Amino acid sequence: MVADAVEEKREIINRYRRLLRKAKPVLKEGDAKLIKRAFTIAMEAHKNMRRKSGEPYIFHPLSVAEICVEEIGLGTTSIVSALLHDVVEDTDIQLSDIERTFGKKITKIVDGLTKIRGVFEYGTSAQAENFRKMLFTLSEDVRVILIKLADRLHNMRTLDSMPRNKQLRVSSETIYLYAPLAHRLGLNAIKTELEDLYLRFTDYPTYRDIANKIDETKTSRNRFIKQFVQPIKDELDLLKVECEIKSRPKSIFSIFNKMRKQNIPFEEVYDLFAIRVIIDTPVDQEKNFCWQVYSIVTDYYTPNPDRLRDWISTPKGNGYESLHTTVMAKNGQWVEVQIRTKRMDEIAEKGYAAHWKYKDNTAKYESNLEKWLVRVRETLEKQDLTALEFVDDFRGNLFNEEVFVFTPKGELKTLPKGASALDFAFEIHTDIGAKCIGAKVNQKLVPINHVLKNGDQIEILTSSKQKPNEDWLRFVISPKAKAKIKDLLKEDRRKVAEDGKEILLRKLRQMKLDANSQLFEQMRDYFKVSSQLELLYKFGKNIITVNDLKKFQEYKPTHSARNQSQVETPGVNEIEEQIKSKGRQEDTLLIGEDMDVVEYKLAKCCTPIPGDEVFGFVTVSEGIKIHRTNCPNAPELLANHGNRVIKAKWTSQHEVAFLTGLKVVGTDRVGLINDVSKVISEELKVNMSSLSFRTDPGIFNGEIMLYVNDTRHLETLISKLEKVEGVEQVSRFDSRGEKAI
Ligand code: MN
């Protein structure tokens, strides 16, 4: 044996011993023997193999086993399975060989790992389908998923030696599936590391930049933190509460994510770090003590009442327990303080299994581990919706603008978020879109405007009788579908117009009218259509009937001046006289009362509501319109048509609801729309008439039309909306593009 080989052999043995040492606290009698047997088989099976880095292959299964023990807290079954996880795929060893030596349980796990391995490594872009398959393996043993996570973590840690395209593929898959999975299972440390590695391999300059900046700001940050925590520490010392106060900066990835989402530079990420107060208390007094710490913290620093999160009373779905508050430091900076016990902290970082590992005796550990695995399984199986709903929170944050869905054959399609079944149909093929009558989403029948969610599998239902109509334009959001529908509608209109032309020309002949351009001009005018095509289309559709045409013929000889058909509004003086004739001293129009005297409407350009300062404007043909004095059209109306202005004010008696519009601007976050509509509908019993919104990168822009009683009512609502997390600005909006005169 050459020296290098001897050295290598020694290193392998060292690593194996390290694994045993770490596993020792949880090993039962006979376990060490089992692990040794698995190690021997794996080493023999992989002996001629090397990783891309040149290392002996056995380093990999050894590391995966170590992660299982140390970072996830798994036991012997998982260690053995991890050591064997690549042998069936890569070597001559068969599952039956494993079953003979290690029994059914381990064989099933290795089998599961082998299956998803193939799918994951060689799948193209259909990750979500793979993901679903991975969930199926749950029925075997949930350990499969945990070991797979360890496997992926090690592969990510050693991704350096892989070719670039593989780095990108493995990284994307990691951020898409494994990081959310780790999050879901409460394995925070692993989740964070996977995310950071993802960024490192997909966007190294950014990764390095953020890492450097975190490093550069370290000294000043530490100084600040030291000052901040001192009084808290002193108080806790007085109370003789054992505590540890740490501060860890946000992960590189979450800083990156925040910068991108809010479109801000590193310097503007205000919550770069959180301060964690970890106390050591008996389990039955945890809650009590945590709130006591809260009380101390908020004695020194003013808390933001909206940022209190109590995950002790109601832990998060993944088991996370902690008490969070955001307080104002003396320098005017908001600082998040997380209060928790040692137990909670360990669970938060490593998940349940790791926490139990060193705490209890082996027997108790074993039973706790089983309990946790059941829990993990329940967590995963709770996905009665779609397999991918799971990664939705996460994906929602990261790729806000896309939704990932599947064809019945499992082909991945990417559509803009908010896309409907109809969008999907057009994405497949124009003919399928044009004939779409509905869809089956995850086997359930839905209408064509059904909005798709990540992971949906869609089968489009078509009918040869189906035809697109104008409504369809409201059902789709993808540019492709929109354009296609417009084309189809245009084509359809042209066909209808052709039919219409035939009908019209025939009728005109019967009526002995000369179909010249002047006649068409007159018809366009009379029927109030904007183009010849529209005129013909309306004939084709029978919107303009033969009867209408006859009326036109009767009308035609006198049809010289325009607008003759319209009734003119009485003049200002006339109106004022009428108001006065009701026995009132003043000539002010009372909105809500004088309807009997003169017809008036609330202007749509500024949607006035009681409490607004208003005036009436006498239009030529549409009666009086009530505008706000600060209406965008008001300057023009008051300055140029002062003679048509009439004083107006609100009557106070009537409890009527008025339509008005609010513009809500904020930072985009999951659930914002929900929270906003909740405030509107639940808290104030206001009726919402419509809600539209768009999201630019990181920015939420909503327009809400709603009914309120008066300005006071509206102001209460605005101030409530301003308190919704993420909302930056709420304002009443004016112009809806209507002409004022
Ligand atoms: Mn592997």
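Ring contacts and helix packing in a predicted model

Student: What makes Arg15 a residue that lies over the face of Phe59?

Tutor: Arg15 lies over the face of Phe59 at 3.7 Å from the ring centre, and a charge sits over a ring if NZ of Lys or CZ of Arg is within 6 Å of the ring centre and within 35 degrees of the ring normal. This is a predicted model, in which local features need pLDDT of at least 70 and side-chain atom pairs count only at pLDDT 80 or more, while totals for chains, interfaces and linings use all residues. Residues are numbered from 1 along each chain as its sequence is written, and side-chain values use heavy atoms, with hydrogens and water left out.

Student: Where does the charged end of Arg493 sit?

Tutor: The charged end of Arg493 sits over the ring of Tyr537, 4.0 Å from its centre.

Student: Why is the pair of Trp311 and Tyr320 called edge-to-face?

Tutor: Rings of Phe, Tyr and Trp (its six-membered ring) pair if their centres lie within 6.5 Å, and planes under 30 degrees apart count as stacked, over 60 as edge-to-face and the rest as tilted. The centres of Trp311 and Tyr320 are 5.9 Å apart and their planes stand at 75°, so the pair is edge-to-face.

Student: How do you know whether Trp311 is buried, exposed or partly exposed?

Tutor: Buried means under 20% relative accessible area, exposed over 50% and partly exposed in between (1.4 Å probe, protein chains only). Trp311 has 22% relative accessibility and therefore counts as partly exposed, whereas Tyr320, at 14%, counts as buried.

Student: What kind of aromatic pair do Phe426 and Trp472 form?

Tutor: Phe426 and Trp472 form an edge-to-face pair, 6.4 Å centre to centre with 80° between the planes. Phe426 lies in helix H20 (residues 421-428) and Trp472 in helix H22 (residues 472-475), so the pair ties together parts that are 46 residues apart in sequence; helices here are DSSP runs (H or I, at least four residues), numbered from the N terminus. Phe426 counts as buried at 1% relative accessibility, and Trp472 counts as buried at 2%.

Notes: Helix = DSSP H or I, 4+ residues; strand = E, 2+ residues; numbered from the N terminus.
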